[in-house]
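I opened this entry to keep track of what I looked up. The order is overall fold first, then single residues.

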Amino acid sequence: MNKKIPFNLAIVMLILPCLLLIAFTHYPAVRALINSFWNNASSRRPSKFVGIENYQTLFEDDRLAQVMFNSTIYALGTIPVAIGMAIGMALLVNARLPGTWLMRLSFFMPTMLPMIAVANIWLFFYAPGIGLASQILSLFGLPPINFLGSTETSLLSMMFVAVWKEAGLFMIFYLAALQAVPENLKDAAKLEGASNTHVFLTIVFPLLRPTTIFVAVNALINAFRLVDHVIVMTHGGPNNSSALLLYYIYEVTFSQRDFAYGATLTVVMVCLLGVLAAVQYWLLNRKAHYQ
């Protein structure tokens, strides 16, 4: 027996998700914007409106410049590699080879692991002298390397972990997109004598562009909001060589308890991600093919 939902209850059910979205996303962003124009309150003095003073501090913050450089290198190094690996893995598991189910499981397994667990696994892997990386180097007669304790290798080591963890997730999206590509288009091209490489570059890859837009934007957001691995593996060191933007915001806000400047950095990060995502979407969407 079907019963109609009361009109008032239906209205509440429709509005509630929007209210939750506003409460947990829009309101904190607006609140951070407001707090960025005030200074920190203390037990002796209340918070005072300071205008753009916090934003002027951004240009005098040498550590912020280093953090932004690290974040840029991290994004440029992880996003293309993760997307390329995801496409390659999706093509491999979509080829219906023997043991495909095992490949899918092994590729996707890193994505199922919690961020903290992944960081601890790779801490052991990178441990100088006793870690798996050092053991592999010793097989070739090479000395052990302190991957996370060196300014030259700390950021690169974290980039490797990010690609290892994210490529499997992106593979799932590409696999779904590959399975939606019409087979008759590929068959027609092969009848005309096109090679598998030519079919992929001229037919399959353009049809994957909408998926690439989605994956690239999410990868960009993930690159700038990474904080778990930094806290567990390096604490931003050595000498700020692996400090990323969100970790710096976390440190300023909760370690230094500079809530006003932390809010200012949050506004900068949100605006930066919005602009980069819009530019990225515009560049990739110009030649996208939607079905």
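My notes on the model follow.

**Ground rules.** I am working from a predicted model, where local features need pLDDT of at least 70, side-chain atom pairs count only at pLDDT 80 or more, and totals for chains, interfaces and linings use all residues. I number residues from 1 along each chain as its sequence is written, and side-chain values use heavy atoms, with hydrogens and water left out.

**Fold.** I looked up the secondary structure and got 13 helices and zero strands. Here helices (H or I, at least four residues) and strands (E, at least two) are DSSP runs, numbered from the N terminus. I then checked the spread. The radius of gyration is 24 Å, well over the 19 Å that the globule rule gives for 291 residues, so the protein is more spread out than a compact globule. That radius is taken over C-alpha atoms, and the globule rule is 2.2 Å times the number of residues to the power 0.38. Along the principal axes, the C-alpha atoms fill a box of roughly 80 × 75 × 45 Å.

**Contacts and surface.** I took contact to mean heavy atoms within 4.5 Å. Of the contacts with a separation of 6 or more, 66% join residues 24 or more positions apart. The accessible surface is about 17,400 Å², and carbon and sulfur atoms hold 69% of it. I note that these areas come from the Shrake-Rupley method with a 1.4 Å probe, and for residues only the protein chains shown count as cover. Buried residues make up 39% of the 291. Buried means under 20% relative accessible area, exposed over 50%, and partly exposed in between (1.4 Å probe, protein chains only).

**Cysteines.** How many disulfides are there? I counted zero, using a pair of cysteine sulfur atoms within 2.5 Å as the rule. I also looked up two residues, C18 and C271. C18 is partly exposed, at 46% relative accessible area. C271 is partly exposed, with a value of 46%.

**S241.** Is S241 buried or exposed? I find S241 buried, at 10% relative accessibility. S241 sits in the loop between α11 (228–233) and α12 (245–255). Leaving out residues up to four places away in sequence, S241 touches N70, S150, T151, S154, L155 and G236.

**M112.** I placed M112 in helix α4 (residues 100–112). M112 is partly exposed, at 45% relative accessible area. I also checked M112 against G168, 56 residues apart along the chain. Their C-alpha atoms are separated by 9.3 Å.
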